[in-house]
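Consider the sequence and model shown here.

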Amino acid sequence: MKLATWNVNSLKVRLPHLLEWLAANPVDVVCLQETKSEDKNFPLAELQQAGYQVAFSGQKTYNGVAILSRQPIGDVQCGIPGFEDEQKRVIAATIDGVRVVCVYVPNGQEVGSDKYQYKLKWLAAITAWLKEELAKHPRLALLGDYNIAPEDRDVHDPVAWQGNVLVSAPERDAFKALLQLGLRDAFRLFEQAEKSYSWWDYRMMAFRRNMGLRIDHILISPALQCSACHIDKAPRKLERPSDHTPVVAEVA
DNA sequence: ATGGCCGCCCTAGGCGGA
């Protein structure tokens, strides 16, 4: 089963890239973030035409998540149970016996800000919920835009970024708390090229200069075998790309 | 030194992203 995650930064704008990518990479499951699309505007027909069933939870302007699947989608859950949140950042579903959890972790804006506090609370809430979810569904994959670069090797310039949002110690501790649930970072199960990133700023020719961060991740539970994981930089080279690029893992 | 790009929205400058 091939699983992918991609922050598309507007599904409306990126739909041609997504369809092109799916045609070239017919993965089984795709988790999307930042669809920025109300449910009534979701491009359902186009994605069904491409062979995918879809579950989505969107809102105007901001956030928005979706799961695309070639196999039937069951037991769809939106949001974190017991955590009041108007922002559409979580959708989970069971596909072929695997609990697929798609997340768009808050950005946090600036260390110490209200949004940063919200990010840490949100991460604590989802970690507590995932602990329960793992007990119910040992075969679980957590995919998405985590807005956390877990280690310095996931940052193009660790000195410049030190202490910044996305790399601060409390955020990295929150990521480690997910690993402590038994989840494994699929990307780091395999040898990877140095300076592998999943996001590059639109400014400063950051992609061309490979000034990036690895903030999009696929975490998998111990019950899942993982045979490969890679970042696909190809879509970042297209005209009008998303600032994030897909991450793909193969599990069984 | 600063900001430099995108996408969004009550179409235009401000917000949020990372």
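The unreviewed UniProt entry annotates residues 4-244 as "domain: Endonuclease/exonuclease/phosphatase"; UniProt positions are given in the numbering used here, feature names are shortened, and annotations may be inferred rather than shown by experiment.

This is a predicted model, in which local features need pLDDT of at least 70 and side-chain atom pairs count only at pLDDT 80 or more, while totals for chains, interfaces and linings use all residues. Side-chain values use heavy atoms, without hydrogens and water, and residues are numbered from 1 along each chain as its sequence is written.

Searching the whole structure gives four aromatic pairs (rings of Phe, Tyr and Trp, its six-membered ring, with centres within 6.5 Å; planes under 30 degrees apart are stacked, over 60 edge-to-face, the rest tilted). One of them, Phe42 with Phe56, is stacked, at 4.0 Å centre to centre and 5° between the planes. Phe42 lies in the loop between strand S2 (29-33) and helix H2 (44-49) and Phe56 in strand S3 (residues 53-57), so the pair ties together parts 14 residues apart in sequence. Phe42 is buried at 9% relative accessible area, whereas Phe56 is partly exposed at 24% (buried is under 20%, exposed over 50%, partly exposed in between; 1.4 Å probe, protein chains only).

The search finds zero disulfides, a disulfide being a pair of cysteine sulfur atoms within 2.5 Å. The sulfur of Cys31 has its closest cysteine sulfur in Cys102, at 4.2 Å, too far for a bond.

Terms used. Chains lettered and ligands numbered in written order. Helix = DSSP H or I, 4+ residues; strand = E, 2+ residues; numbered from the N terminus.
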